Amino acid sequence: KFANDQKMSQLSEGAAYQIWKDISSGLECIHSQEIFHLDIKPGNILVGDTGRAKICDLGTLQFAIEPVYSSIGTHAYITPEFIVSSMRGRPGDVWAAGLVMMFVLGIMPLPNPRYWKISDIPRKSDIALRKMRGWLDEISLYKEVIPPKQSLLRKMLEENPSDCIKA
């Protein structure tokens, strides 16, 4: 069991860094094949007995070079750019991996389910937009407490996709 009752990670720093390295390597491999995963989240990261992590659930992947329209995936891991453009791609995968690492490193708990439909965002549903913006505001608060030694997370969680680092 990786999380306690407050949904906070219980992994050691060494184990967390290994998972970070493995997720980053997995995304680099996927992206080098011109594939977007589009559903990076803790539930799609398998950690074996040796502590090595693998990205799984490729049911949402898209073969593409440029961002694509996609309303599939998990709402809490959708990049902020989706509000404006309804498009997702490499920066969205990196963003989602950054959120996963915020949990793995014990900076934030697993997201509290405040469901909105991803497909409602492009339709400018007030309820969906309000819930997503509230979630993004909460993420901003967690970003403020990222320790300096983990500052790479801030670059993974850049709201402007052109400022986001690559996997």
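Ala, Val, Leu, Ile, Met, Phe, Trp, Tyr, Cys and Pro count as nonpolar, Asp, Glu, Lys and Arg as charged, and the others, Gly among them, as polar. The model used in these exercises is predicted, so that local features need pLDDT of at least 70 and side-chain atom pairs count only at pLDDT 80 or more, while totals for chains, interfaces and linings use all residues. Residues are numbered from 1 along each chain as its sequence is written, and side-chain values use heavy atoms, with hydrogens and water left out.

**Exercise 1. Describe the largest cavity and sort its lining by class.**

Step 1. A cavity is a set of points, on a 1 Å grid over the protein atoms alone, where a 1.4 Å probe fits but cannot get out, and its lining residues have an atom within 4 Å of a point. The structure holds one cavity of 30 Å³ or more, and the largest cavity contains about 70 Å³ of space, where a volume is the space filled by probe spheres set on the points.

Step 2. Among the residues that line the largest cavity are Leu 38, Asp 39, Thr 74, Tyr 77, Arg 88 and Asp 93. Sorted by class, the lining has five nonpolar, three polar and three charged residues.

Step 3. Helices (H or I, at least four residues) and strands (E, at least two) are DSSP runs, numbered from the N terminus. The largest share of the lining, three residues, comes from helix H3 (residues 90-104).

**Exercise 2. Find which residues touch the most other members of the largest nonpolar core.**

Step 1. A nonpolar core is a set of buried Ala, Val, Leu, Ile, Met, Phe, Trp, Tyr and Cys residues joined through side-chain atoms within 4.5 Å, and buried means under 20% relative accessible area, exposed over 50%, partly exposed in between (1.4 Å probe, protein chains only).

Step 2. The largest nonpolar core has 43 residues, and Ile 23, Met 101, Ile 121 and Leu 153 touch the most other members. The elements that each supply at least two residues of this core include helix H1 (13-32), strand E3 (53-55) and helix H4 (126-143), while the largest share, 10 residues, comes from H3.

Step 3. Contact means heavy atoms within 4.5 Å. Leaving aside neighbours within four places in sequence, Ile 23 is in contact with Ile 45, Ile 55, Ala 97, Val 100 and Met 101.

**Exercise 3. Locate Thr 60 and decide whether this residue is buried or exposed.**

Step 1. Thr 60 is placed in the loop between E3 and strand E4 (62-63), and with a relative accessible area of 11% this residue is buried.

Step 2. A polar atom of the Thr 60 side chain lies 2.6 Å from the backbone oxygen of His 37. Apart from neighbours within four places in sequence, Thr 60 is in contact with Phe 36, His 37, Leu 38, Asp 39 and Ile 72.

**Exercise 4. Examine the positive phi values of Asp 57 and Ser 86.**

Step 1. Most residues other than glycine have a negative phi. Asp 57, although not a glycine, has a positive phi of about 55°, and the phi of Ser 86 is near 60°.

Conventions: 1 Å grid on protein atoms, 1.4 Å probe; cavity = no way out; pocket = protein on both sides within 12 Å on 5 of 7 lines; lining within 4 Å. Polar contact = N/O pair within 3.5 Å; in protein donor to acceptor, adjacent residues only side chain to side chain.
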